[in-house]
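Biologist: I would like to learn how to read a fold step by step. Could you walk me through one?

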Amino acid sequence: MSYLLAVASTDGSVIDTTFGAAQSFRIYEAEGTRFEFRGIREIPLEEGGGDAGSACGPGSGCGHGGGGGCGATSGKVEHLSDVRAILATKVGFQAQKQLEKKAISTFDLEADVDEALKKITAYYDRVDRHESLRGIR
């Protein structure tokens, strides 16, 4: 069964953007250990693109790096509600909680996109086949 992965990358080669700062995500479809680029999903400004009217500020945990509560995070989470996992350099606490409610996993990492996707698809392939996770690096 295939599933989608959202990657926060400005150039498609490295994961280099936080969830809150990402204005688009590269979407990959995966099945087993194979994955294929499906396109770029733009996040409308009012849904979490970091607009000037955002209520974010330092310490809010919304993923924008702002503070005091962030309604924009909810819009971004809804826009990505069909993915199995999000790969970004950082996903804030509040965003993680909202994604968790939708059974979307998050991976905080700075890595080469292809290498990260190889490892994550290998992980999910084993989980889906109920195999031991020993040996995955």
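This is a predicted model: local features need pLDDT of at least 70, side-chain atom pairs count only at pLDDT 80 or more; totals for chains, interfaces and linings use all residues.

Biologist: Which side chain does R41 meet in a salt bridge?

Modeller: The general idea is that side chains of opposite charge can pair when their charged atoms come close. The cut-off used here is a side-chain nitrogen of Lys or Arg within 4 Å of a carboxyl oxygen of Asp or Glu. R41 meets D82, at 2.7 Å from N to O. Since R41 lies in strand β3 and D82 in the loop between α1 (71–79) and β4, the pair ties together parts that are 41 residues apart in sequence. D82 counts as partly exposed, at 44% relative accessibility.

Biologist: How many salt bridges does the structure hold?

Modeller: There are 10. One of them joins E78 and K102, with their closest N and O atoms 2.9 Å apart. E78 lies in helix α1 and K102 in the loop between α2 (93–101) and β5, so this pair links parts that are 24 residues apart in sequence. Another salt bridge is formed by R126 and E131, whose closest N and O atoms are 3.7 Å apart. Shared partners join D125, R126, R129 and E131 into one network.

Biologist: Now the strands. In what order do they form the sheet?

Modeller: Helices (H or I, at least four residues) and strands (E, at least two) are DSSP runs, numbered from the N terminus. Two strands pair if DSSP finds at least two bridges between them. Here 5 strands form an open sheet with mixed pairing, in the order β3-β2-β1-β4-β5. β3 (34–42) and β5 (105–108) are at the edges with a single partner strand each, so one side of each has no neighbour in the sheet.

Biologist: In which sense does β1 pair with β2, and in which with β4?

Modeller: β1 and β2 are antiparallel over 5 bridges, while β1 and β4 are parallel over 3 bridges. A6 has I27 of β2 as its bridge partner, and I27 has G39 of β3 as a bridge partner. On the β4 side, V7 has L87 as its bridge partner.

Biologist: How many residues of β1 are buried?

Modeller: 5 of the 5 are buried, so β1 is largely enclosed by the rest of the structure. Both faces are covered, with Y3, L5 and V7 buried on one side and L4 and A6 on the other.

Biologist: Finally, where does F19 sit, and is it buried or exposed?

Modeller: F19 is in the loop between β1 and β2. This residue counts as buried because its relative accessibility is 1%. The C-alpha atoms of F19 and T73 are separated by 9.1 Å, although the two residues are 54 apart along the chain.

Terms used: Residues are numbered from 1 along each chain as its sequence is written. Side-chain values use heavy atoms; hydrogens and water are left out. Buried means under 20% relative accessible area, exposed over 50%, partly exposed in between (1.4 Å probe, protein chains only).
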